[in-house]
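Q: Can you walk me through this model? I'd like to go spot by spot.

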Amino acid sequence: MKKSNLRLLLTATLALVLTIPSAAFAEKTNQTNLASAKPAIPDYQDVSVHDPSIVKDGDTYYVFGSHIEAAKSDDLIKWETFTNGYTTPNNKLYGDLSKNLAGSFKWAGEDDSDSKGGFAVWAPDVFWNKNYVNKDGSKGAYMIYYSASSTYIRSAIGYAVSQNIEGPYEYVDTIVYSGFTKESAKDANSNVDKKWVNTNIQGLINSGNLKSENDNWFNSDGSYNNNLYPNAIDANVFTAADGKLWMTYGSWSGGIYLLEIDKKTGKPIYPEKDGKTKDGRMIDRYFGTKIAGGFYKSGEGPYIVYDKNTKYYYLYVTYGWLGADGGYNMRLFRSKTPDGPYVDASGQSAVLSGNVDNSPYGNKVMGNFLFERRIGDPGTGIGVGYVSPGHNSAFIDSETGQHFLVFHSRFPQTGEMHEVRVHQMFMNSEGWPIAAPYRYSGEKLEKVNRQALIGQYQFVNHGKTYSGDITESVYIELTKNGKITGDVTGTWKKTSHNEAEIKIDDSTYNGVFVRQWDEVSKSYVMAFTAMSNEGVTIWGSKMEDMTDKEIVQDVKTDLNLGDTANVVSNISLPTEGTRHTTITWKTSDSDVISATGAITRPEAGAASKDATLTATITKGKFTTTKNFVITVLPYKENGLAAQYSFEGNLNDSNAQFDSGIITGNRIDNTGGTISYADGVNGGKAAKFNGASGIRLPNGLISSDSYSVSLWIKPEQLTQYTTTFFGARDSNNWISLLPYGTGNGSTEVWSGSSTWYDASIGSQIKTGEWTHLAFTVDKDAIFVYVNGIEKYKGTGFPNIFTTANASFSLGVNWWDAPFKGSMDELKIYNGLLTAEEVSKLAQENK
């Protein structure tokens, strides 16, 4: 897949006391009524490992992922990392990373093109190969197959071995290359000659393993034909029923391929000549047999699991783009043989027939969704859901028989933060694995009483299409007479001890009922998961049985408009609570705030104004009301709001705000140190040591019209490191980055419901003073460098909708602190003109 070095955010660290269950998911004997059980409450400890590949060693589960991250667990619930990323030398997995993997890095992955200034080592797969012959003649080694990449097509798969699953691994060979050209050529920011003779292909020809190169590898202009052939990444090695070893790999756009692996050496057994399978799929002399995708359609992260009970090989592939707006979603196919053909529940081949829409192909295991917590529901927050879940591995525990789906996911309203998730999977009556709606908590598949299934549910239909949109839950009811009513209608029944048969429209969904832990309500709830013969997955989560009167009261108790005493922007007034409870609004003074939440702020210098909003809450025959006193603050006078000149102190020389406070390496940490150095105008400047920051007073900005001006002199540039940072909360913020996202350009970066990159198109220099300024007027933003406009755009989010936003210099909640100097920070109410910004850039120079 085309990866990018996404920001790694802070993850929660929690403790857990829970024993892993021993019952197999498929067993239907010796089962008891779950209602009599007292399951433990899970206490998750989460980790960020992108593209996780799972393997079990003894009693310990491991996940290995991109960017040399890995973690381990003894229960699939409490995880801990043991790696140190791209650190080198003394890399936990590879020792001297640069030296050890030099054989692969000659082609891609180190300080080259998209990996300029760093490394790009992705998506490894680890397993124990008892047949591998080590250098000393002994047998058995842990093998790690990794990807090194420099562009979306120029990559390589290599492997290394170790006697310890946690490494260090010693490089052996690089076995598959992609992105090569017919004649000499180079990518931007690269010195690598991409001509095919610089891969291992020439050596294979010399040794007689290949007769020659394949002209079809190249387009008419000599470039790499990635319409038909793969990006050489995302390797997964598996053992077939007959003991043979196979490796599937590849990423869009040319498709997913398969090669047999020599068990003793770990090297591929190349087909040597081109051909076709019996069903017409491509066999390439070098890349192997095509088993999925192609024709420039998304599809990556292949993973194959053999199930000895069903005697099927299950192929997982992820469609879409991995970012929070990319609609990443997992698909599933199966085959009776390791080399295919792989088909979905409708019998459609995983290999595309041409340049077609790929969304109808493959059982959709999971996509963007949200079991939405609405007003009146138990718990806090917005609910439980995933954004771009994908690049999964899968695992069948040989001791318990349980199936697990292991993947990374982003989450609604949290940007690019990602964590590992594990869901148990259950086999439906058609022989297809289907994922449980909630993450694994130690649940067992037990006998359930039909009476316990009757009631209202949150319902999610994952469909087959995909985009960045989130599918939100709707309401249904499973009635005692076998009907489904509510937002979706149909019929339902329980078959056997726990199996579900659900009919909606003209589709029949087969699955299971299982009780699971709901992290929002902090309780175990009845749930179901089922899939149709069209490959569509549906989920349900049972809600507490309540009367309309109880629901209305819960909505009233839960209804909250936030800080109503310091209102500076329009208020979003909810019109619906849980289970379609209606909420209507009236205002006592529409000149202050309307019945739709639109405010009219008094002019600067005027007094605040008050009004009362009244909510009427109705469900069935029951109604109640709730009042909110709203205080709307006046506009602030345009002009200078605060000025921090750092003349040996952290005072606001404009005397409107408190002094700054020294922090540690995060906005809320203590223990840092700020010194003072020569400033830009002959005075002093604040000097940041790379481990400290400054917490500024709350409320510096409380408007959608403001300007920020400051001088910075970086000693070093680190991606995502902030200079000026402001946030409504941890999910809504702006950050002025000297070394920004993407290609590293200096930018104003904002994270909110959508990401915004206001990039200047270049990167400022270290060791010299640069004046940076940005102005925001409603949704318009302008960015200036040394008084010259470098960016302007619209659609910028309104972050400061509160009078109590947080602000800092040099630190935020997640990233490496700033190292260098800052001077003359000025915050303005209102929009500065281009002429005014130019004057600021000149007056201190």
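Q: Where is Glu-300 placed?
A: Glu-300 sits in strand β16, residues 300–307. Helices (H or I, at least four residues) and strands (E, at least two) are DSSP runs, numbered from the N terminus. This is a predicted model: local features need pLDDT of at least 70, side-chain atom pairs count only at pLDDT 80 or more, and totals for chains, interfaces and linings use all residues. Residues are numbered from 1 along each chain as its sequence is written, and side-chain values use heavy atoms, with hydrogens and water left out.

Q: Is Glu-300 buried or exposed?
A: Buried, with a relative accessible area of 2%. Buried means under 20% relative accessible area, exposed over 50%, partly exposed in between (1.4 Å probe, protein chains only).

Q: Which residues does the UniProt "active site" annotation cover?
A: The unreviewed UniProt entry puts it on Asp-51 and Glu-300. They span 250 residues in sequence, yet no two of their C-alpha atoms are more than 10.5 Å apart, so they gather at one spot. UniProt positions are given in the numbering used here, feature names are shortened, and annotations may be inferred rather than shown by experiment.

Q: And where is Asp-51?
A: In the segment before β1 (53–57). Asp-51 counts as buried, at 1% relative accessibility. Its side chain makes a polar contact of 3.1 Å with the side chain of His-50. A polar contact is a pair of N or O atoms within 3.5 Å; within protein, one must be able to donate a hydrogen and the other to accept it, and residues adjacent in sequence count only if both atoms are side-chain atoms.

Q: New topic. In what order do β34, β35 and β36 form their open sheet?
A: The order is β34-β35-β36, with antiparallel pairing. The edge strands, β34 (582–587) and β36 (622–632), each pair on one side only. Two strands pair if DSSP finds at least two bridges between them.

Q: How many bridges join β35 to β36?
A: 11 bridges, with β35 covering residues 609–619. Thr-614 has Asn-627 in β36 as its bridge partner.

Q: What packs on that sheet?
A: Helix α4, residues 548–558, touches β34, β35 and β36. The direction of α4 makes about 5° with that of β36. Axes are lines fitted to C-alpha atoms, for helices over the stretch in contact, and angles run from 0 to 180 degrees between N-to-C directions. Contact means heavy atoms within 4.5 Å.

Q: Now helix α5. Which residues are buried there?
A: In α5 (residues 834–843), Val-837, Leu-840 and Ala-841 are buried. They fall within an arc of 95° seen down the axis, so they line one face of the helix. That arc is of the directions from the helix axis to the C-beta atoms. Glu-835, Lys-839 and Gln-842 are exposed on the other side.

Q: What do the buried residues of α5 pack against?
A: Four strands: β42 (705–714), β47 (770–777), β48 (780–785) and β51 (819–829).

Q: What about Asn-786, which residues does it contact?
A: Leaving aside neighbours within four places in sequence, Asn-786 is in contact with Trp-711, Thr-770, His-771 and Ala-841. Asn-786 lies in the loop between β48 and β49 (788–793). At 34% relative accessibility, Asn-786 counts as partly exposed.

Q: Last one. What does the side chain of Ser-735 make a polar contact with?
A: The side chain of Thr-722, at 2.7 Å. Ser-735 lies in strand β44, residues 732–737, and counts as buried at 3% relative accessibility.
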